[in-house]
Amino acid sequence: MTSRTRPLAALAAASAAALLLTSCASIGRPEGSAGAGYQAGDGSFATWSAEERGAPVDLTGQSYEGTQIDLAEWRGDVVVMNFWYAACPPCRKEAPDLVDLAEEYPEIHMLGVNPRDDAGTAQAFERTFSIPYPSLWDQDASGVAAMQGLVPLQAMPTTVILDREGKVASRILGQADPTILRGLVDDVLAEADA
């Protein structure tokens, strides 16, 4: 696994603050990748080479608008999944950046996954931030379960990038830096051209 993180001092400060706030998350890994540990939702990210990626993520469910969503139908395209909930401050901060990403990259699919909010709360958030992509109403935690063993979801938000085969290529714990997120998306998009 190749990990890139912020400078050591910033990481240490963020980790200490996260420990004080008890928002640590276990790092999962695709099948066959080495190493595991614990990481706060501090914006750090990890990537996996094509050989290290586990099985494709299988997830079906319904959006807040009632549309059926099946990730298998998006195979062949890059998918950005963002796990969020309305009262989460970093989710609110990153929402405009995710809207920009969706507008700048029409060739990718974006999907929010919300395991906490009722329809009214989630749809108010989506209206407030003009979210142009659907969010899965994850009442039964099937979206969270689909990530079990792949990425930690105790940190909110968490952003996961799936490759064209539906496998986890990278993830960001906590609020996504828009430059890093675009770089990760560009890397996965470029894989088909290699």
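At the start of H5, a side-chain oxygen of Asp-177 comes to within 2.8 Å of the backbone nitrogen of Thr-179. Keep in mind that this is a predicted model. With that starting point, let's work through some exercises together.

**Exercise 1.** Work out how the span of helix H5 relates to the span expected at 1.5 Å a residue.

*Solution.* Begin with the extent of the helix: H5 covers residues 178-190, which makes 13 residues. Next, take the distance from its first C-alpha to its last, which is 18 Å.

**Exercise 2.** Find which residues of H5 are buried, and explain where they sit around the axis.

*Solution.* First, list the buried residues of H5: Leu-181, Arg-182, Leu-184, Val-185, Val-188 and Leu-189. They cover an arc of only 160° around the axis, so they are on the same side of H5.

**Exercise 3.** Decide whether Arg-182 is buried or exposed, and name what it touches.

*Solution.* Start by locating Arg-182, which belongs to helix H5. Its relative accessibility is 17%, and buried means under 20%. Arg-182 therefore counts as buried. Now turn to its contacts: not counting residues up to four places away in sequence, Arg-182 touches Asp-97, Asp-100, Leu-101, Glu-104 and Tyr-105.

**Exercise 4.** Describe the backbone angle phi, the place and the accessibility of Ser-130 and of Ala-141.

*Solution.* Take Ser-130 to begin with. It is not a glycine, yet it has a positive phi of about 50°. Ser-130 lies in the loop between helix H3 (119-128) and strand S9 (135-137), and at 52% relative accessibility it counts as exposed.

Then move on to Ala-141. This residue is not a glycine either, and its phi is positive, at about 60°. Ala-141 is found in the loop between S9 and helix H4 (142-146). With a relative accessible area of 32%, Ala-141 is partly exposed.

**Exercise 5.** Find out how far apart Pro-132 and Asp-100 are, in sequence and in space.

*Solution.* Locate Pro-132 in the loop between H3 and S9. Along the sequence, Pro-132 and Asp-100 are 32 residues apart. In space, C-alpha to C-alpha, they are 9.6 Å apart. To finish, check the contacts of Pro-132: leaving aside neighbours within four places in sequence, they are Val-99 and Ala-102.

Note on methods. Residues numbered from 1 in each chain as written. Predicted model: local features only at pLDDT ≥ 70, side-chain atom pairs only at ≥ 80, totals over all residues. Heavy atoms only, no water. Helix = DSSP H or I, 4+ residues; strand = E, 2+ residues; numbered from the N terminus. Expected span 1.5 Å × (residues − 1). Buried < 20%, exposed > 50% of the residue type's maximum accessible area, 1.4 Å probe, protein only. Arc of directions from axis to C-beta. Polar contact = N/O pair within 3.5 Å; in protein donor to acceptor, adjacent residues only side chain to side chain. Contact = heavy atoms within 4.5 Å.
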